[in-house]
Amino acid sequence: MTTNFLVRGTDLLDKDGLAWDDSDEVFGESSDLDREWQRRHDQFYTIGYRDGVIAGKEASAQEGFNIGFKQSVPIGYNWGLVKGATSAFACLPDELKERLVEDQGHRDKFQDLYKSANSLSTPDALKLFSDEIMSDKTTQQSKTAEASGLTAGSQVQSLEPSRLGSYFAELRSLLIECPAIDVRLDMSP
């Protein structure tokens, strides 16, 4: 059996005049392209969102690290000075201690500071540091809230020196009173 085709414009017509147009196929291809585009769009949207969240977390973590680093380095440096200077002094022979620090009361203070600082373990010192950071944060939040009028009449915590800071303050005081002992207290090179 043969089928006769007529050409009219761009459509092929069979002998009954029905169009042999591949519009269904074009529609199917268009629909496939739309689905593929939507799938790619969703895929890249998800990837972009995920990358944005990861980048945000990394930036936030980096910022937190930077803040923590700035807070901890001076305190760690000062704590190291306390432990190092008092340990070095404690290891000296008594005659040399007497030449460096003439006053027996000051020598006793150095010895007491040495014993006190060395009785505090590293994990305990880290816990103290952490507690002090949290206490400072609470104090700051309380001041901010009071300044904005949220907690009118609340008492602000007393600002007493930190325990780790008091060790350094005591060392600094002893070094001022005993000029023969030369310890560099600042962190600058």
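Here is a friendly conversation about a predicted model.

Me: What makes Arg39 and Glu36 a salt bridge?
Reply: Their side chains meet at 3.0 Å, N to O, and a salt bridge asks for a side-chain nitrogen of Lys or Arg within 4 Å of a carboxyl oxygen of Asp or Glu, so the pair qualifies. The two residues are three apart in helix 1, about one helical turn.

Me: Why is Asp94 with Lys97 called a salt bridge too?
Reply: The closest N and O atoms of Asp94 and Lys97 are 3.9 Å apart; the cut-off is within 4 Å, so this pair counts as well.

Me: How do you know whether Lys97 is buried or exposed?
Reply: Lys97 has a relative accessible area of 10%. Buried means under 20%, so Lys97 is buried.

Me: Why is Arg184 called partly exposed?
Reply: Arg184 has 49% relative accessibility.

Me: Which residues have the most contacts inside the largest nonpolar core?
Reply: That core has 22 residues, and those with the most contacts inside it include Trp79, Phe110 and Leu164. Helix 5 gives the most to this core, with six residues.

Me: What does Leu164 touch?
Reply: Among the residues it touches are Ile75, Trp79, Leu120 and Phe129, not counting residues up to four places away in sequence.

Terms used
Residues numbered from 1 in each chain as written. Predicted model: local features only at pLDDT ≥ 70, side-chain atom pairs only at ≥ 80, totals over all residues. Heavy atoms only, no water. Core = buried A, V, L, I, M, F, W, Y, C linked by side-chain atoms within 4.5 Å. Buried < 20%, exposed > 50% of the residue type's maximum accessible area, 1.4 Å probe, protein only. Helix = DSSP H or I, 4+ residues; strand = E, 2+ residues; numbered from the N terminus. Contact = heavy atoms within 4.5 Å.
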